[in-house]
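I ask first what the structure shows on display.

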Amino acid sequence: MTDEYKDEDIILSELPDNELVEQMHDDLYDGLADEIAEGTQILIDRGWSASRVLKEALVDGMAIIGVDFRDGVLFVPEVLMAANAMKAGMSILKPILSETGIEPVGKMVIGTVKGDIHDIGKNLVGMMMEGAGFEVIDIGINIDADTYIAAAQEHQANILGMSALLTTTMPYMKVVIDTMVERGVRDDYIVLVGGAPLNEEFGESVGADAYCRDAATAVDAAKALMAAAS
Amino acid sequence: MKKKILVIACGAIARELVRVSRLNEWQHIEFQCLPPELHNRPEQIPAAVRAKIKSQAGDFEKTFVAYADCGTGGELDKVLDEFGIERIAGAHCYEFYAGSNNFKALANDEPGSFYLTDFLVRHFDRLVIKGLAMDRLPQLIPVYFGNYQRLVYLAQTGSQELQGLAKQYAEFLQLEYCYKFFGDDPLSECLKPALENQA
Ligand code: B12
């Protein structure tokens, strides 16, 4: 195997665990997919469990990016490059995680509402929820009420997540929730909503269980609401 | 003699406003524009409009805001309600450049449409390509536009030069090109009720 050399000649495999994890946080921040894949493999080879690598090297690293995005330090392209790097690590971890047969923390069906095809935020939330141990079923974009409800039922989801980035499409969330109420299934699911133009007040007014301003908040809310429901 | 009206406007529609204003002979109106860059940072629009109202509106008989909701999710309306000021109806500039019904028909026809206006064609390189780093990171182009089928140019002037550019951008994004000429009328019609009906 050949060692990869970074700009500062850092050889990942020679770093002790704690420094390697820190370096991986930096590499995530810089969106370096190859380095993240390499670092992930090294930690696994050193006997780390896949869930520990996921949490400490990847999820904690993405959390830093989430904060800087919220504060306007990073913009959309940097977030996408980081997400792409995280995916490279996840693709190594996923098969190992599914082999170990750990039960998912819960199941989430997520999609962008009808009329809207913005999907970057939705994808990021899906990825971070997976990182937190949820099984995520991404049903895509431009999703109508019937499709949301059918998917939630088919997959026996605990959580239904809706994303909207347009002021013209956010009211559709209410249509979905009202349809759930009409069909008597509203209380079968925790409903989370998000997207840049939404806010707390809007989430309440459409009857969602929570509005989440970013992926980290979504993970926290999902865990808290699942715990409260059980 | 008409009273003077202040119009606080998005810098991205400045040219069009000046043209519409000349056409309608609105000599009683003063336009003051906010930076067009706010287009990609809508969360900053409400505060910028508020600051402008506070510093300028006192000098005019009436103030009007030439923004739509523009992705502020109702936050701009909260500011305007405080001062009792109206804005252009609708969600965003694509809607008022085409006229609401026309825009809705286009969006229904193909949800995967990306819209250009004269302004956006003129500044596509800076606002879209560089703004989203597609020049530095071309691997992001399919991440942004993978869900899109066509590029719809909602034209104001009919300029051949801009049409040529718009076609190039459709090719760059690998989208089908669709040209719709709407001229200045839809915008003009949006503004007339507020700017011409003087009490
Ligand atoms: C990137 C972008 C695009 C990309 C989309 C690429 C893609 N694949 O999604 C492109 C360039 C293609 C695009 C197209 C359009 N866009 Co756009 N876009 C944006 C931009 C700049 C960033 C959105 C984004 O991806 N952010 C990054 C992610 C990570 O953040 P996020 O989406 O907010 O998600 C986070 C949270 O909100 C939350 N969250 C999100 N979803 C969910 C869901 C759940 C369940 C939970 C819990 C949490 C959650 O967690 C996420 C992670 O932290 C915004 C402006 C802005 N600053 O928001 C405009 C913006 C949303 N777009 C806008 C517009 C108008 C359009 C177009 C109509 C423009 C056009 N010329 O045609 C088209 C859409 C056409 C159509 N047919 O729908 C407007 C909306 C205005 C309005 N009134 O609604 C905005 C606000 C820009 C503006 N001011 O004009 N856009």
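Entry 1: I looked up the second largest pocket, whose volume is about 690 Å³. A pocket here is an open set of points on a 1 Å grid over the protein atoms alone, where a 1.4 Å probe fits, with protein on both sides within 12 Å along at least five of seven lines; lining residues have an atom within 4 Å of a point. The volume is the space filled by probe spheres set on the points, which are joined across faces, edges and corners.

I noted the basis of the model: it is predicted, local features need pLDDT of at least 70, side-chain atom pairs count only at pLDDT 80 or more, and totals for chains, interfaces and linings use all residues. Residues are numbered from 1 along each chain as its sequence is written, chains are lettered from A and ligands numbered from 1 in the order written, and side-chain values use heavy atoms, without hydrogens and water.

I found 28 lining residues in this pocket, with Leu54(A), Glu130(A), Ala132(A), Gly133(A) and Phe134(A) nearest its centre. H3(A) contributes the most to this lining, 6 residues; helices (H or I, at least four residues) and strands (E, at least two) are DSSP runs numbered from the N terminus.

**Entry 2: the ligand.** I then listed the 43 residues that surround the ligand, the closest being His118(A), Thr167(A), His39(B), Pro111(B) and Tyr115(B); a residue counts as near if one of its heavy atoms lies within 4 Å. The site is shared between chains because residues from chains A and B surround the ligand. H5(A) gives the most to this shell, 4 residues.

**Entry 3: contacts.** I looked for polar contacts (pairs of N or O atoms within 3.5 Å). A ligand nitrogen atom lies 2.7 Å from a polar backbone atom of Pro111(B), and a ligand nitrogen atom is 3.3 Å from a polar backbone atom of Tyr144(B). On chain A, a backbone N or O atom of Gly195(A) is 3.3 Å from a ligand oxygen atom.

Entry 4: Which protein donor does the cobalt atom of the ligand have? I found only His118(A), through NE2 at 2.4 Å; donors are N, O and S atoms within 2.8 Å of the metal (3.2 Å for Na, K and Ca), and sites may look incomplete without water. His118(A) sits in the loop between strand S1 (107-113) and H5 of chain A.

Methods: Polar contact = N/O pair within 3.5 Å; in protein donor to acceptor, adjacent residues only side chain to side chain.
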